[in-house]
Amino acid sequence: MPAAKLPNIDLPGVELHRTTLPNGLRVLIVPDPATPVVGVALHVDVGFRSEPEGRTGFAHLFEHLMFQGSESLEKLAHFRHVQGSGGVFNGSTHQDYTDYFEVLPAAALERALFLEADRLRAPKLTAENLRNQVDVVKEEIRLNVLNRPYGGFPWILLPPVLYDTFPNAHNGYGDFSELEQASLDDAAAFFDTYYSPANAQITVAGYLDVDETLRLVEKHFGDIPARPAPVRPSFAEPRPGGERRQVATDAHAPLPALAVGYRLPDPATDLDGYLGHALLGSVLGDGEAARLQRRLVHVDGLVTDISASAGLMGPLDARDPDTFTITAVHPSAVDPDRVLAAVDEELDKLAAEGPSVDEIARQVARWSAALHQENDRVMYRMLGLGARELLYGRAEIAVELPDRLAAVTPEQVRAAADALRSSGRGVLLVEPTAAQEGTE
C-alpha cells in the first residue's frame with residue numbers, strides 16, 4: 001500500500017512535502033534546486049531522558065552501536081560507502097532524540113537511503129561490538145568530561161541541581177559502572193522499543209525530485225516491519241520554589257565557575273514566551289555590548305567570561321522542560337555571590353524597564369545572520385527542519401524563526417526577565433581543587 005501524500009507547505013524559499021509510510025515512518029522531503037548535494041537524516045524519538053534507570057548513557061551508547069554494521073553490511077562498510085561517494089556522515093544524541101545523517105553528491109541519494117534503512121531494519125548487535133563501543137564511550141567521557149577543564153559544565157552538572165526526576169536530572173553521558181553492565185539483552189530491548197519506524201522520521205533535503213525521492217524512500221524503508229511506537233511519557237515536574245545550590249570540584253579548572261539554571265516556557269504551547277527568553281539570553285550575553293558582558297566583564301571586572309542562552313543543548317532542541325542557563329568563569333578572589341548579585345541586578349533592571357528597541361534590533365540582526373548562514377548549508381538546514389518536525393510537529397518553525405524573532409517585543413523580553421526573577425533556580429558552583437589553586 002503506497003504512502004498517502006499530505007498537503008505540501010510552501011514557505012518563502014522552502015518547500016516542504018510530508019507523508020507517512022504504512023509502517024508509521026514519517027517522511028519530510030525538502031527540495032532545493034540551488035544545491036548540488038543531498039542530505040538524509042534519520043531522527044529517532046529517543047534521547048537521554050528515555051533511557052532506563054540503571055542504564056545511564058545507554059541512548060548515546062546505542063547511537064555508537066548503530067554505526068557497527070548491519071545484517072547485510074559488515075563493520076565500517078557504512079563509512080566506506082559514504083566517504084567513497086565524497087560524502088560526510090555523523091550522529092548525535094540529545095535530550096529527546098537521536099539523529100543519524102549524511103550529506104553526499106545528489107547522484108548518491110539512493111545509496112544514502114539504503115544505508116539508513118539497512119541499519120534501521122537490523123543493526124549488528126553483537127557482544128564484541130557492545131564491549132568495543134562501551135570502551136569507546138568511556139574514552140570519549142574521559143576526553144570530553146573527566147580530563148578536561150569544566151568538563152560536563154553545565155549540561156551534565158547543572159540538571160541535578162535544578163531537577164528532581166531521573167529523566168531530567170541524570171548524567172546522559174553515563175556512569176562507567178552502568179555502561180559496563182549493559183548487556184545484549186538491554187540493547188535488543190532498546191532497539192525493539194524505540195527504533196520502530198513509527199518512532200522515527202526521515203528527512204531528505206537538497207537537489208532532488210520529490211516524486212522520485214518518495215519512491216526511493218518507499219522502496220528502501222517501506223518493507224521494514226511495523227512495530228508500535230512506544231508511549232512517550234511526560235517529563236514534566238514542578239518548578240523549584242526557591243534557590244537550590246550545589247558545589248562541584250574540578251581538578252583541571254584553572255578558575256572557579258558558576259552556572260545558574262531556570263526553567264523555560266514550553267515551546268510547544270508558548271513559542272512566543274520561549275523566544276522572549278531566547279532573546280533575553282542574547283541581550284544578556286551575546287556580544288561586547290550585551291548587558292552581562294558590559295557590566296561583569298568590562299565595568300566591574302567580576303568575571304573573565306560569561307554567557308546566557310535558552311536551551312541546555314541549544315535553542316529549540318528539546319521538549320518541555322528545558323533550561324535557561326547563565327554561566328560564568330571568575331577569579332578566585334571574587335566571591336560567587338557577588339557575581340550572582342550583579343546578574344540579579346541586571347535581570348531586575350530588565351524586568352523593570354525592559355530592553356531598548358535598539359538592543360532588540362541588534363540581537364535580532366545577530367540571530368538572523370547566524371540562522372541564514374546556518375541554513376545555507378544543507379546539513380544544518382536538514383537537521384534543523386527534522387528536529388523541529390520530530391519535537392513539535394512543525395518543521396516550519398525552523399524557517400519562520402528569523403521572522404518570529406523579529407516580531408518579539410521589548411515587553412516580551414521584559415516579561416521573560418521578570419519570570420526568571422520570580423521563579424526558583426539552580427545554582428552550580430565549580431571550585432578548583434586545592435592542588436590546582438596552589439599553582440595559580
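User: Is Arg18 buried or exposed?
Analyst: This is a predicted model, in which local features need pLDDT of at least 70, side-chain atom pairs count only at pLDDT 80 or more, and totals for chains, interfaces and linings use all residues. Residues are numbered from 1 along each chain as its sequence is written, and side-chain values use heavy atoms, with hydrogens and water left out. Buried means under 20% relative accessible area, exposed over 50%, and partly exposed in between (1.4 Å probe, protein chains only). Arg18 has a relative accessible area of 15%, so Arg18 is buried.

User: Where does Arg18 lie, and which side chain does Arg18 meet in a polar contact of 2.6 Å?
Analyst: Arg18 belongs to strand S3 (residues 14–20); helices (H or I, at least four residues) and strands (E, at least two) are DSSP runs, numbered from the N terminus. A polar contact is a pair of N or O atoms within 3.5 Å; within protein, one must be able to donate a hydrogen and the other to accept it, and residues adjacent in sequence count only if both atoms are side-chain atoms. The side chain of Arg18 has such a contact of 2.8 Å with that of Glu396. The polar contact of 2.6 Å is with the side chain of Glu389.

User: Which residues is Val27 in contact with, leaving aside neighbours within four places in sequence?
Analyst: Val27 is part of strand S4 (residues 26–31) and counts as buried, at 3% relative accessibility. Contact means heavy atoms within 4.5 Å. With those neighbours left aside, the contacts of Val27 are His17, Arg18, Thr19, Leu21, Ile202 and Val217.

User: What is the distance from Asp99 to the nearest side chain of opposite charge?
Analyst: Asp99 sits in strand S7 (residues 98–105), and its side chain has a polar contact of 2.6 Å with that of Ser92. A salt bridge is a side-chain nitrogen of Lys or Arg within 4 Å of a carboxyl oxygen of Asp or Glu. For charge, Lys and Arg count as positive and Asp and Glu as negative, while His and the chain ends are not counted. Asp99 is buried and has no salt bridge; the nearest side chain of opposite charge is Arg119, at 8.7 Å.

User: How many residues apart in sequence are the parts that Arg245 and Asp337 tie together?
Analyst: Arg245 and Asp337 form a salt bridge, with their closest N and O atoms 3.1 Å apart. Arg245 counts as partly exposed at 37% relative accessibility, and Asp337 counts as partly exposed at 39%. Arg245 is in strand S9 (residues 243–250) and Asp337 in helix H12, so the parts tied together are apart in sequence by 92 residues.

User: Within what arc do the buried residues of H16 fall?
Analyst: Helix H16 (residues 410–421) has 12 residues and spans 17 Å from first C-alpha to last, close to the 16 Å expected; the expected span is 1.5 Å times one less than the number of residues. Its buried residues are Val413, Ala416, Ala417 and Leu420. The arc is that of the directions from the helix axis to the C-beta atoms. The buried residues of H16 line one face of the helix, because they fall within an arc of 95°.

User: Which residues are exposed on the other side of H13?
Analyst: In H13, Glu359, Ile360, Gln363, Val364, Trp367, Ser368 and Leu371 are buried. They cover an arc of only 155° around the axis, which puts them on the same side of H13. Their cover includes H10, helix H11 (291–299), helix H15 (396–406) and H16. The exposed residues on the other side of H13 are Asp358 and Gln373.
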